[in-house]
Amino acid sequence: MSRYAEAHANPQGPGDARPTALQIVKDAEMEGKLAGKAAVITGVSSGIGIETARAIAATGATLYLTARDLNKAKTALGDFFKPDQMELIHMDQSSLDSVRNAAKTILSKTDKVVLLINNAGILAVPDLRLSKDGYELQFATNYLSHFLLFNLLKPAILAATTPEFQSRVVNVSSDGHRLSGINASDNYSFQRGSYDPWVAYSQSKTATVYMANELDRRYGSRGLHANSLHPGIISTGLGAYLTEEQITQLLQNTAWHPLWKNLEQGAATTVWAAVGRELEGKGGKYLAECTEAVRGREGTQDDVGTFVNHTYKPEDEVRLWKDALKMVGLSDDE
C-alpha cells in the first residue's frame, strides 16, 4: 500500500492532507541527494511546472528549465529562480527545430541528465490546427516534441544512470487519456476529418503514456526507466482554450469538488515519479495520487485517476514509437 493512501482516502479539496511536491522530496529523503546531477523540466512558465521545479531544486540538482516565453517563465518562477542552479532555455514545442535547438543547448552544458520531466502541454484546442511541422497541434506539443527531446537527450540520460539512482523519464499525462486511444498511423493529425478537441487531447495524452511504456521496455534493462501519470484536477493555465461555459461546467461538477488540488499538491505525483524510493528500478507504470493507478470502469469520467483497457497496449505502443521516429526524422537504433 502507498504511504500516501490514507491521505488520499477522503479528499477535502485544495490544501487538505494530500502531500505537496516538496513533502514528497522530504519524505523520500532526497534533499540535496542529486547535487552535481542535471534535471530537465519542460513547461515551467505556469501551473504545476513551477512547483515541480521548486521541489526538484530541493534535491540539489542543476535544473535546465524549458519554456516558450522565457520572460513569462522567469516572472512565474520569481524569487525562487536561482541562476547558479537553474538555466532557462527557450523551447517552442510546436516546432521540432526549436526542440532540436533546446536539446543542443542542454547538451552543450552537460553530458549527463538523470531526470527528464516532460510536463508542458496544451488542452482542447477548439479547431484543427497544425504545428510548424504539419502535425495536429496537441499531438505535436504534448507528445511529439517530448518524444524528440527524449531521443536527443537519450545518450546523456543513459550516461547519468547509477546503481544508487537510475535515470528516470517522467511523462505528465492526464485522466483525459481514458477517453480515446491513438488514431491509425495515417490519421494522427485527423487527416480523415472528424476533429474533436477532446479526442485530440486524449490521443496526445495516451501517446505520452505509450511513450513511457515503450521507453521502459526498451531501456529499462540499461538502467533508464519511465513512468506516466495523472497529476490530478488542478486550476492552471492549461485551460486557456476553454470557453467560459466549459470552465463553469467543470467548476459546477460537485462530484469533483473534493478532488481539486492546489498547485503544490498537483505537482506531487510528478515529483513522486521523479524521486520516490518506491519506484527505484521500476517503470512502465501509469501513476495517480502518488501510487500506481488501479483499473477503472470503461466509458466513464467518474473514476478519476484510474487506467482503462487501452492504457497498456503494447502493439500500439510499438507502432506509435516507430511512427514517431519517422515523424521526427530519426532511425530506430534498437
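Student: In this predicted model, how are helix α7 and helix α11 packed?

Tutor: Helix α7 (residues 197-219) and helix α11 (residues 314-328) pack with their axes 9 Å apart, at an angle of about 90 degrees.

Student: Why are α7 and α11 called roughly perpendicular?

Tutor: Angles of 65 to 115 degrees count as roughly perpendicular. The value here is about 90 degrees, so α7 and α11 are described as roughly perpendicular to each other.

Student: Which residues meet there, and how do they divide into nonpolar, polar and charged?

Tutor: From α7, Tyr 210, Met 211 and Leu 215 are among those that meet α11, whose residues include Val 318, Leu 320 and Trp 321. The contact divides into 9 nonpolar, 1 polar and 6 charged residues.

Student: What makes Phe 150 stand out in the largest nonpolar core?

Tutor: That core has 47 residues, and Phe 150, along with Tyr 143 and Leu 215, touches the most other members. Helix α6 gives the most to this core, with 12 residues. Leaving aside neighbours within four places in sequence, the contacts of Phe 150 include Leu 116, Val 169, Met 211, Leu 215 and Trp 321.

Student: Where does helix α6 lie relative to the strands?

Tutor: Helix α6 (residues 137-160) lies across β1, β4, β5 and β6, and runs at about 165 degrees to β4.

Conventions. Residues numbered from 1 in each chain as written. Predicted model: local features only at pLDDT ≥ 70, side-chain atom pairs only at ≥ 80, totals over all residues. Heavy atoms only, no water. Contact = heavy atoms within 4.5 Å. Axes fitted to C-alpha atoms, helices over the stretch in contact; angles between N-to-C directions. Helix = DSSP H or I, 4+ residues; strand = E, 2+ residues; numbered from the N terminus. Parallel < 35°, antiparallel > 145°, perpendicular 65-115°, else oblique. Nonpolar A, V, L, I, M, F, W, Y, C, P; charged D, E, K, R; others polar. Core = buried A, V, L, I, M, F, W, Y, C linked by side-chain atoms within 4.5 Å. Buried < 20%, exposed > 50% of the residue type's maximum accessible area, 1.4 Å probe, protein only.
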